[in-house]
Amino acid sequence: MDYYGADGLLSCGKCHTPKEAFFAKGLVLIGKNKHPVECACHKAEREQQEAAVKEQKHLDLVRQLKAEGFSDPALLEWTFANDNGRSLQMRHTHRYVEQWQTIHAENIGLLLWGGFGTGKSFLAGCIANALMEQKVPVCMTNFAHVVNELNSSFSGQNKVVDRLCRYPLLIIDDFGMERGTEYALEQIYNIVDSRYRSRKPLIVTTNLTLDEIRHPQDTVHARIYDRLLEMCVPVSCIGASFRKESAQEKLEQLKLLIG
């Protein structure tokens with residue numbers, strides 16, 4: 001129960017801190033010389049509620065960003081927390097996220113290249129998830145999805161290009177130019193070039209070798225690859241295939257189970 005202390009101020013019966021305070025310099029307003037204040041327990045409760053509301057708003061925004069930014073729900077699992085420690089290049093992804101403000105301002109992208117199953121997509125997914133946790137809008141899609149979207153868009157290819165270019169970071173996974181028509185490749189170039197001109201970074205993963213990227217066979221590919229190399233720092237992801245290792249581990253486990 002609240003009570004009045006020796007100073008004449010109402011105090012909280014729970015935390016025993018004042019719920020009133022005197023006006024400064026003996027001021028009296030409308031016949032009163034004191035005003036209400038928050039006691040310690042009410043202040044703590046209010047701050048806790050505000051923190052909970054703020055955290056919920058943050059979670060809702062991150063959930064919305066990921067729903068809009070990922071073309072495949074499986075990408076939600078590609079996070080630093082789920083890193084198995086096998087990728088030697090993981091330090092680059094941590095650094096990319098830590099230095100995002102500078103990375104974004106300087107328009108620095110990544111070209112993650114190497115063979116199948118070497119963790120390139122996982123590295124890119126870790127960056128995407130981490131940045132979206134910081135409320136940075138990111139779009140992570142794959143090359144085939146982009147080409148299909150360009151070919152089937154009823155609203156026009158320009159709208160597809162504009163949408164992909166509005167994100168602070170665009171990630172195109174499994175960049176494989178051989179699967180696109182000449183028209184689609186031209187649109188892919190428009191996406192890459194638009195990001196270059198608007199100074200927005202791009203991350204690309206590809207199974208192509210760096211030599212294939214640097215020495216394309218025709219002009220159409222050369223335009224795209226030249227622009228990518230201007231924008232993106234090549235990061236080699238050469239090593240044992242994690243997919244093969246995982247398959248072998250499952251095979252050994254199955255042998256143990258069925259004896």
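Predicted model: local features only at pLDDT ≥ 70, side-chain atom pairs only at ≥ 80, totals over all residues.
Reader: Which strands form the open sheet, and in what order?

Author: The order is β6-β7-β8-β5-β9, five strands with parallel pairing.

Reader: Why are β6 and β9 said to stand at the edges?

Author: Strands β6 (138-142) and β9 (232-236) each have a single partner strand, so one side of each is left without a neighbour in the sheet. From one strand to the next, the twist averages 15°.

Reader: What does helix α9 touch when it packs on the sheet?

Author: Helix α9, residues 219-231, touches β5, β8 (202-206) and β9. Contact here requires heavy atoms within 4.5 Å. The direction of α9 makes about 90° with that of β9.

Reader: How do you know that the span of helix α4 agrees with its number of residues?

Author: Helix α4 covers residues 120-133, and at 1.5 Å a residue its 14 residues should span 20 Å. The end C-alpha atoms of α4 are 20 Å apart, which agrees.

Reader: Why is α4 called mostly covered?

Author: Buried means under 20% relative accessible area. In α4, 12 of the 14 residues are buried, among them K120, L123, I127 and M132.

Reader: Which residue just after α4 takes a positive phi?

Author: That residue is K135, with a phi of about 70°.

Definitions and conventions: Residues numbered from 1 in each chain as written. Heavy atoms only, no water. Pairing = 2+ DSSP bridges. Helix = DSSP H or I, 4+ residues; strand = E, 2+ residues; numbered from the N terminus. Axes fitted to C-alpha atoms, helices over the stretch in contact; angles between N-to-C directions. Expected span 1.5 Å × (residues − 1). Buried < 20%, exposed > 50% of the residue type's maximum accessible area, 1.4 Å probe, protein only.
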